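I opened a new page for this chain.

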Amino acid sequence: MNSNKVDDFSLTQQGIYFVQEKHPDSSLFNVGGYALLRGDINPVLLFEVIKQQLKSYDIIKNRYNYFENNNFYDANIFDMQFVDYSKDNNSDSLCLDWMNSDITETFNPKFDLLKIRLLKSSDTHYYWYVKIHHVLFDGYSMRLFFNYVIKDYNERCKNITSPVYRKVFKFSD
């Protein structure tokens, strides 16, 4: 990373970046949370709304490339996956265990700063998990992101299906 690019960060982002450089194996830089979604979810539409929201955030547009990933707007670069646990026994526990394990895994800022999963627990019960590097989001930004996506998703499927009900959870430090 060129030092002149770091100068474009806010002072807070510069601090986060330099601490990350000193502690590259630390998960301190993970900001994560999940929303418990109930309803008839259309995963393709939800991912489309998520991508659109992410592309609209200046912080992501302007800062992500500083970590030398110039393909961020290529749809294949967004690390979003759908995982179906609904056929397994204890599917809720499996989803929660997976999220609690993943939030402790370290980001490699040269390759990834964002991870999104939609974990299906049953036909009407989903966990929407987001882990993002702290240089891009803080806890408040995370809550706004969840709220905007759900609002937009519900607007788009107003005439198709019932609204999604959600409760948002944050992982504690």
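Helices (H or I, at least four residues) and strands (E, at least two) are DSSP runs, numbered from the N terminus. I am working from a predicted model, where local features need pLDDT of at least 70, side-chain atom pairs count only at pLDDT 80 or more, and totals for chains, interfaces and linings use all residues. Residues are numbered from 1 along each chain as its sequence is written, and side-chain values use heavy atoms, with hydrogens and water left out.

**Entry: fold.** I looked up the elements and found 6 helices and 5 strands in the protein chain. Along the sequence, the pattern reads α-α-β-α-α-β-α-β-β-α-β. Next I checked burial (buried is under 20% relative accessible area, exposed over 50%, partly exposed in between; 1.4 Å probe, protein chains only). Of the 173 residues, 46% count as buried. Then came contacts (heavy atoms within 4.5 Å). Among those with a separation of 6 or more, 74% join residues 24 or more positions apart.

**Entry: core.** I searched for nonpolar cores, meaning sets of buried Ala, Val, Leu, Ile, Met, Phe, Trp, Tyr and Cys residues joined through side-chain atoms within 4.5 Å. The largest has 34 residues, and Leu37, Ile50, Ile116, Trp128 and Phe145 have the most contacts inside it. Elements giving two or more residues to this core are helix 2 (11-22), strand 1 (30-38), helix 3 (43-56), strand 3 (114-122), strand 4 (125-133) and helix 6 (139-156). A second, separate core has 9 residues, including Leu36, Tyr85, Met99 and Ile103. I then picked Ile50. Leaving out residues up to four places away in sequence, Ile50 touches Met80, Ile116, Trp128, Phe145 and Val149.

**Entry: helix pair.** How do the axes of helix 3 and helix 6 cross? They come within 9 Å and cross at roughly 130°. Axes here are lines fitted to C-alpha atoms, for helices over the stretch in contact, with angles from 0 to 180 degrees between N-to-C directions. Helix 3 is therefore oblique to helix 6; angles under 35 degrees are roughly parallel, over 145 roughly antiparallel, 65 to 115 roughly perpendicular, and the rest oblique. On the helix 3 side I noted Leu46, Val49 and Ile50 among the residues in the contact, and on the helix 6 side Phe145, Val149 and Tyr153 among them.

Entry: Asn90 has a positive phi of about 55° although it is not a glycine. Most residues other than glycine have a negative phi. I placed Asn90 in the loop between strand 2 (80-84) and helix 5 (91-102). Asn90 is exposed, at 60% relative accessible area.
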